[in-house]
Amino acid sequence: MKLGVPVKIGCNVLIYQTNTAFLTLHVYLIPRDPGLQQVMKQREVPHGYKAILKPDPEKSLKILDRFTLTADVDGAEICPEDLKLRYPSGKPNFFEVYTESPDGNFHLKLTSKKDLQPVWTCTVRKAEYQSTDQAQAAGSSVGAAAASSLLDGKHFVDKHRVQLIQRVSNVAPILDDLLGNDVISQESYHSIMALPTSQDKMRTLYSHLNTERCNDIFYKILLKNEKHLIDEFSAK
């Protein structure tokens, strides 16, 4: 990848949002690399940006292909017009999405410039991008997730520990998000990824959930990556 060979790779889409009167998003398309995710976080968070967690593209994308980003919100300005997917040698470039008056949920869509086929879409919800004051008035998304994660006084991830260990098979994107939220370290990430089975990975992952904050973040990540399991276990 660093040599520019046009191979297909798994990718991350990272979204960072600033807490200002007008909505500004930085949307990164990068190779799936926990080290790069940490670079993005160190670049954005000190400047007041917060991450909006969204699923990554399901299919691999080809290095050196170009992609465009669109948003179905009136007056949205997106710059640059397109980006090339590559392994960055310096600071990775990003799409900047700016709009003065979003009025609810809207969608982002990433499209291949070569064949005009969409490769990734997501819904950005009002509760995710609204200002801190608005979030406190309406109940922040993390707070809402934390409240709904308590079942009979016990946290959802604790109550359903055994089922989650057995049923969650795709652990890598969950670890990516835990690393990005400082729940696990880079060293722990690599040691867990080296374990042979998903059950072993999940058991070791659980050993790092030692605070209520960690449980809340893990629950929110599960809502993003394993919502069908959350719905199934909640219905019982």
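Q: How do the residues that line the second largest pocket divide into nonpolar, polar and charged?
A: In this predicted model, eleven of them are nonpolar, seven are polar and eleven are charged. Asp, Glu, Lys and Arg are the residues that count as charged.

Q: What makes a residue part of the lining of the second largest pocket, and which residues lie nearest its centre?
A: A lining residue has an atom within 4 Å of a point of the pocket. For the second largest pocket 29 residues line it, and Asp56, Pro57, Glu58, Lys59 and Val119 lie nearest the centre. The volume of this pocket is about 720 Å³.

Q: Which elements supply at least two residues each to that lining?
A: They are β5 (61–62), β11 (118–124), α7 (172–180) and α10 (212–225). The largest share comes from β11, with five residues.

Q: Why is Val162 called exposed?
A: The term exposed applies over 50% relative accessible area. Val162 has a relative accessible area of 57%, so it is exposed. Val162 is found in helix α6. From Val162 to Met202 the distance is 9.7 Å, C-alpha to C-alpha, while 40 residues separate them in sequence.

Q: What makes a set of residues a nonpolar core, and which residues have the most contacts inside the largest one?
A: The largest nonpolar core has 27 residues, and Leu178, Met202, Leu205 and Phe218 have the most contacts inside it. Among the elements that give two or more residues to this core are α7, α8 (186–193) and α9 (198–206). The most comes from α10, which gives six residues.

Q: Which residues does Leu178 touch, not counting residues up to four places away in sequence?
A: Leu178 touches Val183, Ile184, Leu205, Ile217, Phe218 and Ile221. Contact here means heavy atoms within 4.5 Å.

Q: Which residues of α8 are buried?
A: Ser188, Tyr189 and Ile192 are buried in α8. Buried means under 20% relative accessible area.

Q: How do you know that the buried residues of α8 line one face of the helix?
A: Seen down the helix axis, the buried residues of α8 fall within an arc of 105°, and therefore they line one face. These buried residues pack against α1 (34–44), α7 and α9.

Definitions and conventions: Residues numbered from 1 in each chain as written. Predicted model: local features only at pLDDT ≥ 70, side-chain atom pairs only at ≥ 80, totals over all residues. Heavy atoms only, no water. 1 Å grid on protein atoms, 1.4 Å probe; cavity = no way out; pocket = protein on both sides within 12 Å on 5 of 7 lines; lining within 4 Å. Points joined across faces, edges and corners; volume = space filled by probe spheres on them. Helix = DSSP H or I, 4+ residues; strand = E, 2+ residues; numbered from the N terminus. Core = buried A, V, L, I, M, F, W, Y, C linked by side-chain atoms within 4.5 Å. Buried < 20%, exposed > 50% of the residue type's maximum accessible area, 1.4 Å probe, protein only. Arc of directions from axis to C-beta.
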